[in-house]
Amino acid sequence: MDNHAALRANVGLLGQLLGDAIREHHGQAFLDKIETIRQLAKSARQGNDEDQQQLLTTLKQLSDDELLPVARAFSQFLNLANVAEQFHTISRGYRQDAGPNPLDQVFERLKGANVSEADIRDAVASLDIDLVLTAHPTEVTRRTFIHKHVQLNDCLAALELELPEEEKAGLLARVDQLITQAWHSNEIRAQRPTPVDEAKWGFAVIENSLWPALPRFLRQLDERLEHELGERLPLDAAPVRFTSWMGGDRDGNPFVTAKVTEEVLLLGRWMASSLFLNDIQELVSELSMSEASRELYIESGEHDEPYRAVLRRLREDLRETLLHLNARVQGQKTDARDLITDSEQLRRPLELCYRSLQECGLNKIADGLLLDVIRKVACFGIHLLKLDIRQDGERHTQALAEITRYLGLGDYAEWSEADKQAFLLNELNSRRPLLPRQWQPSDDTREVLDTCRVISRHPRDAFGIYIISMAGEPSDVLAVQLLLKECGVDFTLPVAPLFETLDDLNHGAAVIERLYQLPWYRGYMQGRQYVMIGYSDSAKDAGMMAAGWAQYSAMEKLVAISAKEKVALTLFHGRGGSLGRGGGPARQAILAQPPGSTLGGLRVTEQGEMIRFKFGLPQVAIDSLAIYASAVLEANLLPPPEPKPEWRALMNAMAEVSCAHYRSLIRGEPDFVPYFRAATPELELGKLPLGSRPAKRKPNGGVESLRAIPWIFAWTQNRLMLPAWLGAHKGLEKVVEDGHEATLRAMNQGWPFFRARLDMLEMVFLKADLGLAAYYDSVLVPEELKPLGKRLRDELRASTKLVLQLKEKSELLSNEPWIQESIKLRNPYTDPLNVLQAELLKRSREQGDIHPVLDQALMVTIAGIAAGMRNTG
Ligand code: PGA
């Protein structure tokens, strides 16, 4: 069976069982109705107008009682289609962006390009990939459903094997059970998760997937290295690490408090201790050998099973530590001691055993579970994940302003940048404490200071970096350093500005250069700087074309300045999953960055549903890690070309025109905001309890304070996908009109950055749907705003035409049959959900307060469309 047929067969199987569950619950007549709707949607997609009309009428005529189960049926089907697709991605070795085995491929490419063995060795040794799991509210699927989907995946895998009929029947019965369980469960969370719930979710991803996946990935890399270079990875190699924002990112989220951060830090250690305890227990039972090195023999107290003796001690220490942490998590007193407080305490005995086995010629045993555990110590350590802290720059400014006002020094917030810097540097150099003793800070300031105090109470190893969102000046960075110092943090915690508006990106390199000039700062930073690049907020600010170019240019300048100043620069990419938020295939994204931008390591966010897609199952996680590692190796050893001056000039021109057009619409067009509110479910999205964080930075702010996620989420639902393309067309059109079409084609051929822009547009155009977007307008948008909707659709149509023309193609993504197939498979299920959503929005807006069941149906359509698009937005 070919790939597509096999996928269809599994989708068919899961769909049929879902149908059975629906029939049992609602009867044959209801199931027939669903089937009729599906068939009509299919035929409408093939261009049958009569069936299109029939589909709309059927959906509009659904009674209030029917709306929810119909929405649920289509939404659950889309989730099952995702399960089948993910399974095929794993089992057939199909990878969207790298083809089979990315590590093999990259070594082939490197050899083909005559890269020397020494260079490859150095590049592998300096691999430093830090994947940062955030708590961004973009995962619509409830954990209980994710759990069932993982089990369905396992069943599909088992069904591929040659099995006796009886076992096969058992598996099918299990699939049936799981689907029936899902059908009878509510797919919408009843309550918002707390930040601690979010952190626990992150820990579960580690436990279920990354914990087993990481050593397996390192084995692959190790084998490749041995094969290619005759050398192995060092024992303490940690080419990939994980950091978390869950419980640490407080930017615009008042629920992430210092207390939450403290709790999450404790939970991380608890989880790590418990996972290591299981592993050590297993080693105790496996390592029964008596031959040992002198060193181990003595350490074991001359025991006849020395490995077991040493590891049992470690096990007991871990047990006591776990009891201690458990009590602290529960807020109880305990006599149990906190014994294992440093990863070294795990590493030392394990490496002692490893050396001993090697000395005795028992390499096979050394390189089994023992090696895996040593690698996990190097990657996860006793904190499991490092925790980043993120806070809005404005909160630090306000905290300092409160202090200076109290001290009678004036208002820090009002000072010039030069005055701020002078004050901060003076205080940073001073031995006298700044914080007044009797002073009662406001709640907001107390929270900022308490967070710094939490940092001071934990070891450096527990943390990643401190990120300042909406950073714009050197003082933003120094301010955090002063607050940390005043709260007793006695280690160097890197502070990274996050540049996320067009202006801040354009000035980012100058800000960093000024920081590098400050002797105090140079001493503090110890030769390493982190800078975070915000993809989605800059695209929301300036449109994707201008923001993309500003990100590229900022990175290029930052790389050059850091090289000149001999500072190791780590760029931290704040990418979302969807294209409008900087998402896209990882390899393509990395190779589209400026040359040299991954030499200081790669740090990148992984968010919401992307964590599930990329790391939710061990096999998928192994593939994703291999994609990252191979792409970074390639980018470092075969860097993408520098753009030609002529290409830069065109990009400058396109960015300017497209930004002006984008802003003239978003900010200058008075109808825009009312149109956005009418044509998309923006206001209704707030009801969906996806994450702990509010949808807006300021509770009463308008669209400007709306976070990038709900902004894009809303446009994904009505299928206009506006933020992912608006502005690009005007920019491209202008340079085509100026006679540069051939140059654009050359840029597409020869410059990965530009090619990635056009590829992203192509993908967005395939997910967008003019017919559905027009349908939303016809149902929801008042007459006077309709012309704006039409203008936007005309622009989308023209953009599609132009991109196809530049790529010399007649059909979108004709070179990606798998993606085309995947979208085709989903359309008959997503289309009815879109029509239902428009209907439900209409009823809800007309009636003000709709019946909770209809509200629920609306939420289901939102989650279902997100599943159909495989992105919330
Ligand atoms: P932020 O993220 O709002 O937390 O900065 C935006 C995004 O990920 O799209």
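**Exercise 1. Describe the surroundings of Asp-388 by listing what Asp-388 touches.**

Asp-388 touches Val-132, Thr-243, Ser-244, Trp-245, Gly-248, Asp-249, Gly-464, Ile-465, Ile-467, Phe-572 and Arg-603, not counting residues up to four places away in sequence, where contact means heavy atoms within 4.5 Å. The model is predicted, with local features needing pLDDT of at least 70 and side-chain atom pairs pLDDT 80 or more, whereas totals for chains, interfaces and linings use all residues. Residues are numbered from 1 along each chain as its sequence is written, and side-chain values use heavy atoms, without hydrogens and water.

Next, the side chain of Asp-388 makes a polar contact of 3.0 Å with that of Trp-245 and another of 2.7 Å with that of Arg-603; a polar contact is a pair of N or O atoms within 3.5 Å, of which, within protein, one must be able to donate a hydrogen and the other to accept it, and residues adjacent in sequence count only if both atoms are side-chain atoms.

**Exercise 2. Decide whether Asp-388, His-136 and Lys-540 are buried or exposed.**

Buried means under 20% relative accessible area, exposed over 50%, and partly exposed in between, with a 1.4 Å probe and protein chains only. Asp-388 has a relative accessible area of 0% and is therefore buried; His-136, at 11%, is buried, and Lys-540, at 12%, also counts as buried.
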